[in-house]
Amino acid sequence: MTSHWLLFGLLVAGCSLAFASDPSPLQDFCVADQNSRVFVNGLVCKEARLVQADDFFYSGLQLMGNTSNAVGSAVTPVTVAELPGLNTLGISMARIDIAPQGINPPHTHPRATEILTVMEGRILVGFVTSNPENRLITKLLQKGDVFVFPEGLIHFQKNVGNGYAVAIAALSSQNPGVITIANAVFGSNPDIAEDILAKAFQVDINVVYQIQSKF
């Protein structure tokens, strides 16, 4: 009987680890020590006696990002890299500015669910479910609307209005990560072999060369 309970305990512990995202804090706070050379899963804690109010503070989300680029958008992140006090707290956020007809191109956050609130404008949002269904789920959002993108799924935003659009995103990780699909596939370093991409996308290899040249 004891062995059964031991096995049960191990299974419960394994499930807890499997369902965890960022680790839960084991103290009031663990402000990231950006100068530490120790490598851990996350960031080393600064000594508590050295922690200041500014470790929990960030200023700048009132500023519009520069959308003068090929996709017409800018993302201003507030992750543990910008706000050390987020370390071990399992949250972060970002401001998203999108010019008229601009897009925040298809991307994923490998470590976080995202919940987005539209502050200004009209934004078409969507995500695609995993294989084999690959179902597109999309919605037109207005000011004040909220939409959630499940962790790891490809998603996007497009400004369909005539003015600039602004959204605030909250994410369930101090370091959600971002993989922009086009950049990763066609702008990897080194390049993915052109014949592989040509076969994967079922296009002529010259099309691949042309797209790669843009990244």
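## A contact to start with

A polar contact is a pair of N or O atoms within 3.5 Å; inside a protein, one of the two must be able to donate a hydrogen and the other to accept it. With that in hand, look at H107: its side chain makes such a contact with the side chain of H109, at 3.5 Å. Please keep in mind that the model is predicted.

## The chain as a whole

Let's step back to the overall layout. The protein chain holds four helices and 10 strands. Reading from the N terminus, the order of elements is α-β-β-β-β-β-β-β-β-β-β-α-α-α.

Of the 215 residues in the protein chain, 32% are buried. The chain exposes about 13400 Å², and carbon and sulfur atoms supply 61% of that area. Among contacts with a separation of 6 or more, 69% are between residues 24 or more positions apart.

Five strands form an open sheet in the order 6-5-8-3-10, and their pairing is antiparallel. Its edges are strand 6 (136-141) and strand 10 (179-180), each of which pairs on one side only.

## Strands 4 and 7

Another antiparallel pair is made by strand 4 (residues 114-120) and strand 7, with four bridges between them. Here E114 stands opposite F149 in strand 7.

Strand 7 (residues 146-149) has two contrasting faces: F147 and F149 are on the covered one, while V146 and V148 are on the uncovered one.

H107 is found in strand 3 (residues 103-108), and strand 3 has its place in the order 6-5-8-3-10. Is H107 buried or exposed? Its relative accessible area is 4%, and because buried means under 20%, H107 counts as buried.

What lies around this side chain? A polar atom of the H107 side chain lies 2.7 Å from the backbone oxygen of P105. Leaving aside residues up to four places away in sequence, H107 touches E114, L153, I154, H155, Q157, V178, I179, T180 and I181. One of these, E114, is the residue that stands opposite F149 in strand 7.

Definitions and conventions
Residues are numbered from 1 along each chain as its sequence is written. This is a predicted model: local features need pLDDT of at least 70, side-chain atom pairs count only at pLDDT 80 or more; totals for chains, interfaces and linings use all residues. Side-chain values use heavy atoms; hydrogens and water are left out. Two strands pair if DSSP finds at least two bridges between them. Buried means under 20% relative accessible area, exposed over 50%, partly exposed in between (1.4 Å probe, protein chains only). Contact means heavy atoms within 4.5 Å. Accessible areas come from the Shrake-Rupley method with a 1.4 Å probe; for residues, only the protein chains shown count as cover.
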